[in-house]
Amino acid sequence: MQLKIMPAKKHLSAGSVPLILFLCQMIRALEVPLDLVQPPTITQQSPKDYIIDPRENIVIQCEAKGKPPPSFSWTRNGTHFDIDKDPLVTMKPGSGTLIINIMSEGKAETYEGVYQCTARNERGAAISNNIVVRPSRSPLWTKEKLEPITLRNGQSLVLPCRPPVGLPPAIIFWMDNSFQRLPQSERVSQGLNGDLYFSNVLPEDTREDYICYARFNHTQTIQQKQPISLKVISVDELNDTIAANLSDTEFYGAKSSKERPPTFLTPEGNASHKEELRGNVLSLECIAEGLPTPIIYWIKEDGTLPINRTFYRNFKKTLQIIHVSEEDSGNYQCIAKNALGAIHHTISVTIKAAPFWIMAPQNLVLSPGEDGTLICRANGNPKPRIDWLTNGVPIEIASDDPSRKIDGDTIIFSNVQERSSAVYQCNASNEYGYLLANAFVNVLAEPPRILTSANTLYQVIANRPALLDCAFFGSPLPTIEWFKGTKGSALHEDIYVLHENGTLEIPVAQKDSTGTYTCVARNKLGMAKNEVHLEIKDPTRIIKQPENAVVQRGSQVSFECKVKHDHSLIPSVLWLKDDGELPSDERFSVDKDHLVVTDVNDDDGGTYTCVANTTLDSVSASAELKVVDVPNPPFDLELTNQLDKSVQLTWTPGDDNNSPITTFIIEYEDAMHEAGLWHHQAEVSGTQTTAQLKLSPYVNYSFRVMAENSIGRSSPSEASEQYLTKAAEPDQNPMAVEGLGTEPDNLVITWKPLNGFESNGPGLQYKVSWRQKDGDDEWTSVVVANVSKYIVSGTPTFVPYLIKVQALNDVGFAPEPAVAMGHSGEDLPMVAPGNVRVSVVNSTLAEVHWDPVPLKSIRGHLQGYRIYYWKAQSSSKRSRRHIEKKILTFQGTKTHGMLPGLEPYSHYSLNVRVVNGKGEGPASPDRGFHTPEGVPSAPSSLKITNPTLDSLTLEWNPPSHPNGILTEYTLKYQPINSTHELGPLVDLKIPANKTRWILKNLNFSTRYKFYFYAQTSAGSGSQITEEAITTVDEAMASRQVDIATQGWFIGLMCAVALLILILLIVCFIRRNKGGKYPVKEKEDAHADPEIQPMKEDDGTFGEYSDAEDHKPLKKGSRTPSDRTVKKEDSDDSLVDYGEGVNGQFNEDGSFIGQYSGKKEKEPAEGNESSEAPSPVNAMNSFV
């Protein structure tokens, strides 16, 4: 029965019918196992056109398979080749390959010919192609004498190569004696035939070693043509040469070749024809001469050039189209064009075709009684002829077979039997070649067999296709079914695809695809089955990909690549650079997840790829490394367009090191005036390579250029050549011209000299001119050397002058200078301020007024007025120390000012002086004034001595600054009880002449706090405080001690201690039993773990005071009735002692505001204390 032809792929339907695949009869899906009887099949043979190396043994291959193994025979040039008669020829054992030993003796040319191999067994015979064996040839050039060539500049030239005909054809190239390839261009190029074409020659084409080389790759030899000498003569050389050989009366006018329109050197004429075979490369060439050099263009008439198959070679002189087909036939036009005209040439292209297969015959396996066909279809141009052979014999003369019928390119078989087995050859040929194909018909009766190994394990990555093989054979052709699991039904879901070769495809394998699959093959002679196993693995993923990096040269870069994979697979991570291996360099280090490159250089830039491989899959991720750095310095600096005041600087940028250049910085050096010192000249955009620079006269310039990018600035370039500009008159005058006298009778004129760069020429000098501003005098001028000042003597004191300084050099004067104003020298003022008046504001502040001094008397620039003031002292003090004078200066024209910081109840003197740039004028007559009384300072000391049961003795020293006449002292005191509360305040006045006082009728064993201060008529001064304790009553103290030593008191304390111990034991027992007690309940109720302080009055939680003595602060217990809290003696604030000053100065230096000393407020009646109670008091309060 003939096998039915089925589609290449068949998707299993979702219907109820089990999935059964009927496979087609195509032999590529059905290979006959080698253990079964089958006709021979040629498996390997030498190429049809077999060019051999004559220096090596000849090996002509012919390999075949079959059952039984085939025997081999050969024909040579159409007749039987008896290898037994030639001792140099042997056949390889078990093969048909011939080995011809020409190494020891014999020549390759002897065995040149057409060979064909036949492989034969009992089922038929297969034949090889006709193998044309030819030895390669690399002949020498024929000897020839080459005359030197001499041409005029601009002429065209063709240097012929004409290489010897070799086998295979030689590769042609032109070189010189040093084996350097000759440069080629649009003007000079090599043609397809090997000739060297010059569209026009130039003097630089002159040389004596134009050599054409032919390289024969097969024999690896190079042959050389004789060198050709070419000399190109310019017009001047030609005239000089001819004039030397002519008489004086003869005249020769040589002209160079004129410019001319293009003409073609190759091909000739206006049209030509080109024929090429299908599938080859079509090469069309047009080379033109002309002056100027022509440019070549290509078009296809009535069509367009194929985009992806068209290439231009040899400076567009050659058009190549690869893989040509019949549609590439047509007319192609090349156009040569220059400024003087254009020409064109049309090439008619015809594409022919050697035979090519449309359907080659395939091996046919049939069972007895089946039908089948062999089809042999080919095409070509012209159309090929089809010839059939059977077992190497033309079918027309072969023995007749009733089961076959020939119908042109098809042989039809019907009801075949075992004797129908044979090998058929199809030969398709035309004038351009032939095709030969062997296809056997093998008649077998075989039950199914499965060729795939049993229990094969397939491992597939999830979500990828899974292909389960089931290679089979059988005759008749078996049907195939697939099952999943041991008891599964035939697969019929549409997620499966069955291929004609029995393979089961799961297009998207999932985890649930894992399992055992069974392939079953059936035909009428039996059944076979095979199990395979499928495992689905998790895909390998790169969860952290390397990232692009831009780093500076010399730094370090790290790429990270983290991989996640199936736990049962072992991955390997490989790093690549630009798809190749990493450089073998210790700077590259790879650990588990990172690639680190240290000391990065320019060569390290590129693409770095992390490749994670397992046995089943491979993933990769790439990152670009860009190595940047500051630019390389520019080079090739050149100065052009050199003018008197400008020059053009041109340079070539250095490598930007992968970071575009943004700016070029140009600097100059003046080698004449400031050698070695570089100055900024200009900046230009990073896209420019030229700059027009403005120059100054008489400067010996050198320039250098630096490039800047986002990384930084390059090193400076090499300095340019020097350029000296011409001298010119100065174009500017000195700056900072001033006129100031240093003596009352002179005027010193100063200026900032021009530097050498600004001088514009040699002989720099200055013309200094001056005259009085308010006079009618003419300008007085003097020319001085290159200095910075000039002194005019004999001037009136402090007179305004007009001044100007003009630069000049050997060439001329600078422009007219600007006029500056100055003054001759100052002298001390002549007059003191008058009408000085003093107003006392308060005890520490006074205001002074005066009349201004006339300007003419000042004799200089008015700086202001200065007040000297001092405190008058007694004659005894004055003799002991120098009087200290204080100074206040008031700027400008102010005629009044304030004197702050005076001492109260004092006598002061002062005078006023005017000040100019030279110094002070005479002082005004001294003026005296008195400051009123002020409040005194605190007493210098306060001591409390001789404590008794009811009295204390106070001793003190008067205030160090009474600031007036003391009128009395005030003493205030109050007791402090055991709870730190202050008792009633007692106020006592003490005469001013006292320094000791005894306080009586005090309480025994009591602490008292004392407040003490002095008074003047202006008020009370600052107070001083102290505390003391009266002594203890000895009888009371003795009773208290006796109580503590009584037996009843000791017994009571022991009983209390025993009760506390019992209570603790009970609590401990209850806690161990897990019971709760009130304390526990309280702890549960209060989640806040912070311990809160206990208030003294009710036992509840209150707040802690952060006072220095850490004593609880009872509300109202230490605050006087006026709601103020007094500062202690330890406080060091000057304000509290009345030493502070509240006020401010005006911008002219005068003082405004009031001077008033602060004193501590008197304590109000109440209970206040800041001292701790004595131990005695504590004991008294306990009782």
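In this predicted model, the side chains of E289 and R260 meet in a salt bridge, with 2.8 Å from N to O. E289 sits in strand β25, residues 287–291, and R260 in strand β22, residues 260–266. The two are 29 residues apart in sequence, so their pairing ties separate parts of the chain together. Both E289 and R260 are buried.

R704 forms a salt bridge with E667, and their closest N and O atoms are 2.9 Å apart. This pair also links distant parts of the chain. R704 belongs to strand β64, residues 700–708, while E667 belongs to strand β61, residues 663–670. The separation is 37 residues. R704 is buried, and E667 is buried as well.

What is the N to O distance in the salt bridge between R713 and E708? The distance is 3.4 Å. R713 is partly exposed, because its relative accessibility of 40% falls between the limits of 20% and 50%. E708 also counts as partly exposed, with a relative accessible area of 24%. Salt bridges can also share partners: D176, R207 and D209 are joined in this way into one network. The count of salt bridges comes to 36.

The largest nonpolar core has 31 residues. Those with the most contacts inside this core are I58, I60, W74, I100, Y111, Y115 and V133. Which elements give two or more residues to the core? They are β4 (49–52), β5 (58–60), β6 (62–67), β7 (71–76), β10 (98–100), β11 (113–121) and β13 (131–135). Strand β11 supplies the largest share, three residues.

A second, separate core has 24 residues. Among them are Y458, A466, L504 and V532.

Next comes a sheet. Five strands form an open sheet in the order β50-β58-β57-β53-β54, and the pairing is mixed. V573 has A612 as its bridge partner in β57.

G1021 is found in the loop between β86 (1019–1020) and β87 (1024–1029). Is G1021 buried or exposed? G1021 is buried, because its relative accessible area of 4% is under the 20% limit. The C-alpha atom of G1021 is separated from that of P959 by 9.0 Å, while the two residues are 62 residues apart along the chain.

The last stop is on the surface. L1058, L1059, L1061, I1062, I1065, V1066, F1068 and I1069 form a nonpolar patch there. Together they have about 770 Å² of accessible area. One of these residues, V1066, lies in helix α6, residues 1047–1072. V1066 has a relative accessible area of 42%, so this residue counts as partly exposed.

Notes. Residues are numbered from 1 along each chain as its sequence is written. This is a predicted model: local features need pLDDT of at least 70, side-chain atom pairs count only at pLDDT 80 or more; totals for chains, interfaces and linings use all residues. Side-chain values use heavy atoms; hydrogens and water are left out. A nonpolar core is a set of buried Ala, Val, Leu, Ile, Met, Phe, Trp, Tyr and Cys residues joined through side-chain atoms within 4.5 Å. Buried means under 20% relative accessible area, exposed over 50%, partly exposed in between (1.4 Å probe, protein chains only). Helices (H or I, at least four residues) and strands (E, at least two) are DSSP runs, numbered from the N terminus. Two strands pair if DSSP finds at least two bridges between them. Patches are made of residues with over 30% relative accessible area and no salt bridge: like charges are joined within 9 Å, nonpolar side chains (Val, Leu, Ile, Met, Phe, Trp, Tyr) within 5 Å. Accessible areas come from the Shrake-Rupley method with a 1.4 Å probe; for residues, only the protein chains shown count as cover. A salt bridge is a side-chain nitrogen of Lys or Arg within 4 Å of a carboxyl oxygen of Asp or Glu.
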